[in-house]
Amino acid sequence: MFLLDILQDADTQNAGIESLKFYNMNLIDFRDFGKLFFRLLFNIGVLFVLINVIYGKGRREFTFTYYALGTAIFLMCFLLEDVKLELGFALGLFAVFGILKYRTDPIPIREMTYLFVVIGIAVLNALANKKVSVAELVLTNAAILLCVYLLEKFLIKSEGHIDLIYEKIENINVEKKAELLKDLEARTGLKVKRFDFVKIDFLKDIAQLRVYYDKTALPKDDH
């Protein structure tokens, strides 16, 4: 009985605090506040695994952007949860950043992909409603992280690329692909997998190539 009285008194005090208003806004709603707090921690935890573990500890250039955007978009979507948001709102976030690209230095496709994944995780964790169980939410986030990890480990990290200017214009020919590959490997010391022509200037007899090489064939210190 004593414990029950304490709990009832606590509920009464909480109800009293929750009834307080500040410019027609509730001072605090403990249930909604707790939901926001734990959802925010979960979202930051997922972002930490994605950014610091999968994306890489040594890459600092976009770390600030990913964390700031992931947190800001989560909070914006979560606080607007009571407003009936259509699917177009979430997809619009992708479109806006895809068009703008911050209008500064061009963002590489790989980093832009991570940006979209960060936005998707933030929207997903914020707008998951009561019909979505905790297990489903955890599984969905884990599936995204696992997919990105596998692609990063077995596809991206095994291949690197460099851009270079090539002056032997006589090798810029479909019939001399083997000679060009052999010459590129001899000059760079890399195991060249393929190459793309970025630009060819026959007036200056030079070509700009993007050469893709096998990272696994490099010494460990060069990875």
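Hi everyone, let me start with a definition: contact here means heavy atoms within 4.5 Å. This is a predicted model, where local features need pLDDT of at least 70 and side-chain atom pairs count only at pLDDT 80 or more, while totals for chains, interfaces and linings use all residues. Residues are numbered from 1 along each chain as its sequence is written, and side-chain values use heavy atoms, with hydrogens and water left out.

First stop, Asn 171. You'll find Asn 171 in the loop between β3 (159-166) and α7 (177-188); helices (H or I, at least four residues) and strands (E, at least two) are DSSP runs, numbered from the N terminus. Leaving aside residues up to four places away in sequence, Asn 171 touches Tyr 166, Lys 176, Glu 179, Leu 180 and Asp 183. With Tyr 166 there is also a side-chain polar contact of 2.8 Å, meaning a pair of N or O atoms within 3.5 Å; within protein, one must be able to donate a hydrogen and the other to accept it, and residues adjacent in sequence count only if both atoms are side-chain atoms.

Buried or exposed, then, for Asn 171? Buried, because its relative accessibility is 11%; the cut-offs are under 20% relative accessible area for buried, over 50% for exposed, and partly exposed in between (1.4 Å probe, protein chains only).

Now the rings. The structure holds 7 aromatic pairs, counted when Phe, Tyr or Trp rings (for Trp, the six-membered one) have centres within 6.5 Å; planes under 30 degrees apart are stacked, over 60 edge-to-face, and the rest tilted. Phe 37 and Phe 38 are edge-to-face, because their planes sit at 80°, with centres 5.4 Å apart. Ring pairs also join Tyr 55, Phe 62, Tyr 66 and Tyr 114 into a cluster. Thanks, all!
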